[in-house]
Amino acid sequence: MNIRLIGALAVIIACGGFGLMLANAYRKQEKSLFFLQRMIGYIENDLSYRATALPDLLYEAGKLGSGCVQEVLVRLANALQSGEYTDAATAMEQILRSLPEVPDVLQNLFRQLGQSLGRFDIDGQLRELKAVSQNCTAVLDDMRLNRKMRIRNYQTLGLCAGLALAILLI
């Protein structure tokens with residue numbers, strides 16, 4: 001009997017932990033979107049006033065963030081600096097393939113960013129960056145709108161699934 005109770009408790013803890021993990025991933029994705037939006041603003045400002053070389057600009061922008069956003073931008077800067085790739089879109093695609101932990105929402109925004117960098121004149125790049133920034137803002141606003149409810153749902157569903165499995169085990 002004690003082994004069943006211990007097993008049931010382990011299932012509840014594991015499922016609850018999974019719910020907490022999903023809630024944490026949601027928060028992390030929201031934070032990454034915020035950093036991406038901030039870095040796009042930095043790139044826009046630099047292109048408008050200084051026009052730094054693209055690899056240097058990406059490296060500087062990458063230092064402003066953290067996590068997967070920083071990793072992608074620094075890798076992109078290094079790939080363009082080394083001459084391994086001639087355009088940002090191809091380099092971005094290869095980088096995203098090598099980093100499967102980047103969420104799908106961010107991958108789409110990074111692809112859009114890669115297609116706009118270095119491809120047009122300054123005005124064209126600024127228009128494209130504004131479009132990427134607007135898409136990022138839309139996704140971020142949607143995430144923030146239902147944030148509390150989604151996080152609570154992830155946590156609740158994790159615990160409820162654990163309780164349901166525990167009941168079945170006992």
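## Glu93 and its partner

Let's start with Glu93, which is partly exposed, with a relative accessible area of 24%. The model you are looking at is a predicted one. Glu93 forms a salt bridge with Arg111, and their closest N and O atoms are 3.0 Å apart. This pair links distant parts of the chain: Glu93 sits in helix 4 (residues 88–98) and Arg111 in helix 5, 18 residues apart. Arg111 is partly exposed too, at a relative accessible area of 26%.

In total, the model has seven salt bridges. One of them joins the side chains of Arg147 and Glu30, at 3.0 Å from N to O. Because Arg147 belongs to helix 7 (residues 147–169) and Glu30 to helix 1 (residues 2–49), this pair ties together parts that are 117 residues apart in sequence. Glu30 is buried, with a relative accessible area of 9%, whereas Arg147 is partly exposed at 36%. Arg144 joins in as well: Glu30, Arg144 and Arg147 are linked in a network of salt bridges.

Asp142 and Arg150 form another salt bridge, with 3.8 Å between the closest N and O atoms. Asp142 is partly exposed, with a relative accessible area of 38%, and Arg150 is partly exposed with 26%.

## A look at Gln112

The side chain of Gln112 makes a polar contact with the side chain of Asn135, at 2.8 Å. Leaving aside residues up to four places away in sequence, Gln112 touches Ala131, Val132 and Asn135.

Technical notes. Residues numbered from 1 in each chain as written. Predicted model: local features only at pLDDT ≥ 70, side-chain atom pairs only at ≥ 80, totals over all residues. Heavy atoms only, no water. Polar contact = N/O pair within 3.5 Å; in protein donor to acceptor, adjacent residues only side chain to side chain. Contact = heavy atoms within 4.5 Å. Salt bridge = Lys/Arg side-chain N within 4 Å of Asp/Glu carboxyl O. Helix = DSSP H or I, 4+ residues; strand = E, 2+ residues; numbered from the N terminus. Buried < 20%, exposed > 50% of the residue type's maximum accessible area, 1.4 Å probe, protein only.
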